[in-house]
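Here is a quick tour for anyone meeting this model for the first time. Take a look at the picture, then read on.

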Amino acid sequence: MIETNKNIVDSKFQKKILGYLDGSLSSEDKSEFEAYVRTHPEFETQIQKKEDELTFLKSLMPATLMTKPTAESLDSEMKLSIFNLLKEEPRNFIDKVKNSWEEWISR
Amino acid sequence: MKRKDFYQLLHPLTDKLYRMATTLIPDDLQAEQLVIDSLNAYLIKEKNKILAGRELDSLSKKDIQLQRRFYFKGILRYMSEIGVRRSSQLADQMKLAGPSNFKTFYGLGPKVRLVMSLRYDFQFTVEEIEDITTMPHYEVIEKLHNGRFLLLNDFNQGVQL
């Protein structure tokens, strides 16, 4: 009887492992889960198993790296966007000179 | 904040923005365009706030990191919206081009790919993903669950064959 109860409790917390790792548990559930793990160190192997599964999952997802030409082209386009769209309207002649100077040194 | 400060702040994020874009659209040119469009949309909307921000020189290292993350999330908000829509429109063309690797991943819906990538590649919390994608909590959880299940299930079936 005691063994059955333990299994039910185990299974209840097993279902919460992913939620815990995903950070989607409520703060109460999270505290309850952490308290359970502290008192049941053997449960940590199951958490580790799920963590390994998630690490493996990442390998099934692309992590595309930019080629050098793409990096250069994207960088220059981003720079252009930032310098064009974040332009402050010049209020006077000094502002005009300041803007031109900033544009010139950023080339 | 000056323009050059903002550029300096954003420069280290270029790689990440591009990676996120290719998650939604697996095509070099389209992904590049998505990054630029998202950045432009963000700059137009947030111009005044950015310019009113503190100078980079006056920020501590920690503050710089926080600011960088703040702007990253801001641009990702636009990328999610534009990218999901564009990905659906380009779905047929993408099937033709078809990336040979990660077929299962690109077979998932754009919203599932978006959420999976934000969580497992960029390590955002569920709350942050809700904020970036404007999806309700239950939808984020559902998409994570479905994505995980479909990817692992497909891999396990492949191993069995």
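## How confident is the model?

Residues are numbered from 1 along each chain as its sequence is written, with chains lettered from A and ligands numbered from 1 in the order in which they are written.

Within chain A, helix 5 (residues 68-85) has the highest confidence, at a mean of 92, and helix 1 (residues 2-14) the lowest, at 69. Where pLDDT is low, the predicted coordinates should not be read in detail.

## Chain B at a glance

Chain B has 9 helices and 0 strands; these are DSSP runs, H or I of at least four residues for helices and E of at least two for strands, numbered from the N terminus. Its C-alpha trace spans about 60 × 30 × 25 Å along the principal axes.

## Two helices meeting

Helix 4 (residues 61-89) and helix 8 (residues 126-133) of chain B pack with their axes 8 Å apart, at an angle of about 60 degrees. Here axes are lines fitted to C-alpha atoms over the stretch in contact, and angles run from 0 to 180 degrees between N-to-C directions.

On the helix 4 side, B:Lys73, B:Leu76, B:Arg77 and B:Ser80 meet B:Glu128, B:Ile132 and B:Thr133 of helix 8 (contact means C-beta atoms, placed from the backbone, within 7 Å).

Terms used. This is a predicted model: local features need pLDDT of at least 70, side-chain atom pairs count only at pLDDT 80 or more; totals for chains, interfaces and linings use all residues. pLDDT is the predictor's confidence in each residue, from 0 to 100. Two residues are in contact if their C-beta atoms, placed from the backbone, lie within 7 Å.
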